[in-house]
Amino acid sequence: MSAPSLSRQLILDRIRAATHKLPSEASVAAEQLRSYIRRGKLSVQDRLKLMIERLREYDAEVVDCMPEEVPAAIGKQLALSGRRVFVAPEGLPAQWLAAGFDWKIDRGLENAEIEQAEGVVTAAFCGVADSGTIVLHHSNSEGRRVLTLLPDWHLCILYANQVVETLPEYFDRCPSPSPLHPSYKNLSLGTPPLHPSDKDLSLGTPPLHPSDKDLSLGTPPLATYISGPSATADIEMTRIKGVHGPRFLNVILVRDEN
Amino acid sequence: MSGTLTGHPVLDPRHAPPFPIAALPVLRNPQLRKNVAHATNMIQTKRARLVAEKTDWQELRTAAAAIRSHVLEDLGSYLEEFEVRCTAAGGKVHWASDAVEARAIIIEVLRQEQANEVIKIKTMTSAEIQLNPALEAAGIHAYETDLAELILQLGEGEPSHFVVPALHVNRSQVREIFARRMGLKDLPDDPKALTAAARTYLRQKFLTIPTAIGGANFLIAETGSVAVVESEGNGRMCLTLPRTLITLAGIEKVLPRFQDLEVMLQLLARSATGERMSPYTSLWTGVTPGDGPQRFHVVLLDNGRSSILARPVERQTLRCIRCAACLNTCPVYRQTGGHAYGSVYPGPIGAILTPQLMHMEFAQSLPFASSLCGACYEVCPVKINIPQVLLELRSQVVNQERRQPARFGDLMFLGMKTANAIFAGARRFRAAQWLGRIALRPFTRKDGWIHSLPSLGAKWTQTRDLRGLPSQSFRQWWVARGKEER
């Protein structure tokens, strides 16, 4: 193997030689750059309706309930699944661990143990209605990545105030802690991520898992965006549900009091 | 199909025949053309529906093109920023100036891991550097885990598309491959059963093989994170279960900020598979204690990219996010499929990317494998003006030919030289018209069309008809008309 640092220098020199002599292509005005839709326009009810519709379109099962009904709703979904052994992330609220089922709490479970479980129950970080996407940042209540991967059945609890309409609205909830790259700033590509006047953007009170330190704002070190269950269309473009990830995605949408 | 060390053939532009010759067997294979047409039509229909749903599609394209151009202008800084952040998060960043180096780095890491098996996510850069044969030669067996890649690996076939690599293979062919290679005699040919067979076949591999190789859809400079977009969950398996993960990514894959994903992710799945989002997008940053691989290597691959960066017209090629929308819409690709391009990057983007990655020393026929209709430009989510780059590359190829001493023996070259002289003078041109009318008359049918010509002319008439020369030129008609009026 040739000296690695030499290749690094060689590549960077080539790049610098190439970019140095060419004029900048940046001619698009900043406002034009960000003229795509960043904020949704739907009412709360319509936003939730869209979220449910899009989730169902990708074969996910969705039910809704009020906050006080969550434990009962979880129990009902677990019973309906006909499964008995479930894994749960360590930070999952204790009242969500419905009675009558075999729970394996993840305090460093082996992959083989997770693989043997029939399902998993987790919280979520965010839901994006436009694409029917569930966002996991793998906090204590959302679980390590492997937890939502090996079991065949995933039940996710999503709160209404976690549901945004557009993908950019989700990214607004993860403002960057690092300063902008100087040339990026010159291009004005970045709008300030948080508009203080925008009430929609505030997460409000953390939804039910106060033990979650990871829920603090910022870019996530780990994230998984799930849009419907695992699928393939590799054979004659026929969409088949469930290749390697969970074959069944279930969502309980918890509506607000009002 | 040419076998290699693994038995998994490789599309190598250095050895591939020119496009028009490579396309012939495909054009004579109705099953293959039917499979390709079915798949591309299907994706196109789904894409069109979801793009129409996005009222800000053009604005998203504009933003995506601007972000990608901006990255390329300051690529050095963004790569360094990525390296710093990724390293700080526990990752190890390697730099590979070419394919040989990239293969050596990866094999060295695998040797340190004492790996004799590795699981793989579909990775175009790994196909580009022909990694699998090199691994096999080093005594390491690679298991492709994407369903399409698995079909091709077990069936010893070649990918013909970089989003749905096995689109040219139909269900009964998949059944035959799986039945033979997995020892499942009674496997039915419905896609559901075939998919289930793949799930079972790979499950143990995921759980037991401790080393994985994957690519990257995006590298995020500000956080040092890597993003992989996929459908099946095989990616998540490879990114989560092994002890060690190696990511091989082209140097152009960087995005400045995490937030830039809000543009890219809205465009990518819609363009690639006609979905709002792909089922799974995974993002990770270096190493996370207790979650996923505890050893993480990123190999940043140049392999010809920096030389593309230096050229003003061609630079936009590097904006590509590999959605393959240009393949599905291309009237040439839709007839030939991918193999005729002799490269792991087929279609319009392959026609500009492949010869450039080869430093214009191979694959020179590819820039001509296009009707310049512009459909590729229209669907490109990062607004790469592919026809413009095609024309630029064509002129480079012609300039190369001009410098070849053999040109004086080439009828085409002499013909063009003669045409040049004829077009330079009105009298010569008129004389040539007169001569041409006489010479072409025997070949012109009653319907006014020429269906077949001898010699050089056959290059035109073997694929299309030629309108016969009219009995009167425009100038003659004009002069005659003037006389009548007077």
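User: How many residues of chain B are in contact with chain A, and how many of chain A with chain B?

Analyst: In this predicted model, local features need pLDDT of at least 70 and side-chain atom pairs count only at pLDDT 80 or more, while totals for chains, interfaces and linings use all residues. Residues are numbered from 1 along each chain as its sequence is written, with chains lettered from A and ligands numbered from 1 in the order in which they are written. Taking contact to mean that C-beta atoms, placed from the backbone, lie within 7 Å, the count is 82 residues of chain B with 73 residues of chain A.

User: Which element gives the most to the side of chain B that touches chain A?

Analyst: Helices (H or I, at least four residues) and strands (E, at least two) are DSSP runs, numbered from the N terminus. With nine residues, the element that gives the most is helix α3 (residues 57–73) of chain B.

User: Which residue of β9(B) is the bridge partner of A:Thr224?

Analyst: Strands pair if DSSP finds at least two bridges between them. Strand β9 (residues 223–226) of chain A and strand β9 (residues 280–285) of chain B pair in the antiparallel sense over four bridges. Within β9(B), the partner of A:Thr224 is B:Ser282.

User: Which strands of chain B stand at the edges of the open sheet?

Analyst: Six strands of chain B form this open sheet with parallel pairing, in the order β1-β10-β7-β4-β2-β3. Two of them have a single partner strand each, so one side of each is left without a neighbour in the sheet, and these are β1 (91–96) and β3 (141–144).

Definitions and conventions. Contact = placed C-beta atoms within 7 Å.
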